[in-house]
Amino acid sequence: MTVKRCILKFNFSLFFILIRTRIIVGEVRDAAAMDMCNSMLTGHDGSLSTGHGNSAKEMMLRLETMILMGYDMPVLAIRQQIAAAIDIVVHLGRLRDNSRRVLEISEVEGVKEGEICLNSLFRFEEKAGSKNMPESRKVYGSLIKTGEIKNKQKLLQSGMWRRYAGGNENRL
């Protein structure tokens, strides 16, 4: 076990003591991704971490690879752990004007036919004509709703469904 991994394991222990319901960790870069997933699966809903990927789907592949760096497990078992631990993926990216924007929000549906399935909820759409504005070079656009959330159980349990559904609890 490397020194960094020991430190991260110690930090997870410390987080359990200080913040029992949430775990917030900066970037996960190695096999510690499995420690983060395990923590999320043991009653720490609402926890969050960051990682680098070019899309939500690619981030799932990176997590899988990071876990494989330190664990000798079947790939299917790793994918199932990731899908069970992570509910929502928010992908941020840098646009050509160097601004950072939320480019995609996806729900992790689970594992189907051996692959992690994502349900796209929102996607950044560039406003038509912003490419033709060389004087400002600013990228204009907004998040466009692309799908409906499918796994509503945690939202219902937390009381968040009312906010998401615009006050209409019957909108299931």
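Q: What volume does the largest cavity have?
A: In this predicted model, the count comes to 1 cavity of 30 Å³ or more. The volume of the largest cavity is about 40 Å³.

Q: Which element gives the most residues to the lining of the largest cavity?
A: The lining of the largest cavity consists of Lys57, Met60, Leu61, Glu64, Arg79, Glu115 and Ile116. Two elements, H3 and E5, each give two or more residues to this lining. With 4 residues, the element that gives the most is H3.

Q: How many residues of the lining of the largest cavity are charged?
A: Lys57, Glu64, Arg79 and Glu115 are among the lining residues, and Lys, Glu and Arg count as charged. The lining divides into 3 nonpolar residues, no polar ones and, as charged residues, 4.

Q: Which residues lie nearest the centre of the largest pocket?
A: The largest pocket holds about 1500 Å³ of space. Elements that give two or more residues to its lining include helix H4 (75-85) and strand E3 (88-94). Of the 48 residues in the lining, those nearest the centre are Ile86, Asp87, Ile88, Val89 and Val90.

Q: How many residues of the lining of the largest pocket are nonpolar?
A: The lining has 48 residues. They divide into 6 charged, 14 polar and, as nonpolar residues, 28.

Q: Why is H2 largely enclosed by the rest of the structure?
A: A residue is buried when its relative accessible area is under 20%. In H2 this holds for Ala32, Ala33, Met34, Asp35, Met36, Cys37, Ser39 and Met40. H2 is largely enclosed because, of its 9 residues, the number buried is 8.

Q: How are H2 and H3 oriented to each other?
A: The axes of H2 and H3 come within 7 Å and cross at roughly 110°. Angles of 65 to 115 degrees count as roughly perpendicular. The orientation of H2 and H3 is therefore roughly perpendicular.

Q: How many residues of the contact of H2 with H3 are nonpolar?
A: On the H2 side, Ala33, Met34 and Cys37 take part, and they meet Leu63, Met66 and Ile67 in H3. The contact has no polar and no charged residues, and its nonpolar residues number 6.

Q: Which elements do the buried residues of H4 pack against?
A: The buried residues of H4 are Ile78, Arg79, Ile82, Ala83 and Ala85. One of them, Arg79, also lines the largest cavity. The elements that the buried residues of H4 pack against are H2, H3, E4 and E5.

Q: What distance separates the C-alpha atoms of Leu103 and Glu125?
A: Leu103 is in strand E4. Leaving aside residues up to four places away in sequence, Leu103 touches His91, Leu92, Gly93, Leu95, Phe122, Arg123, Phe124 and Leu143. Leu103 and Glu125 are 22 residues apart along the chain, and their C-alpha atoms are separated by 8.1 Å.

Q: What pattern does the protein chain follow along the sequence?
A: The protein chain has 6 helices and 6 strands. Read along the sequence, their pattern is α-β-α-β-α-α-β-β-β-β-α-α.

Q: What percentage of the contacts with a separation of 6 or more is between residues 24 or more positions apart?
A: Buried residues make up 34% of the 172 residues in the protein chain. Among the contacts with a separation of 6 or more, residues 24 or more positions apart account for 44%.

Terms used: Residues are numbered from 1 along each chain as its sequence is written. This is a predicted model: local features need pLDDT of at least 70, side-chain atom pairs count only at pLDDT 80 or more; totals for chains, interfaces and linings use all residues. Side-chain values use heavy atoms; hydrogens and water are left out. On a 1 Å grid over the protein atoms alone, a cavity is a set of points where a 1.4 Å probe fits but cannot get out, and a pocket is an open set with protein on both sides within 12 Å along at least five of seven lines; lining residues have an atom within 4 Å of a point. Grid points are joined across faces, edges and corners, and a volume is the space filled by probe spheres set on the points. Buried means under 20% relative accessible area, exposed over 50%, partly exposed in between (1.4 Å probe, protein chains only). Axes are lines fitted to C-alpha atoms, for helices over the stretch in contact, and angles run from 0 to 180 degrees between N-to-C directions. Angles under 35 degrees count as roughly parallel, over 145 as roughly antiparallel, 65 to 115 as roughly perpendicular and the rest as oblique. Contact means heavy atoms within 4.5 Å.
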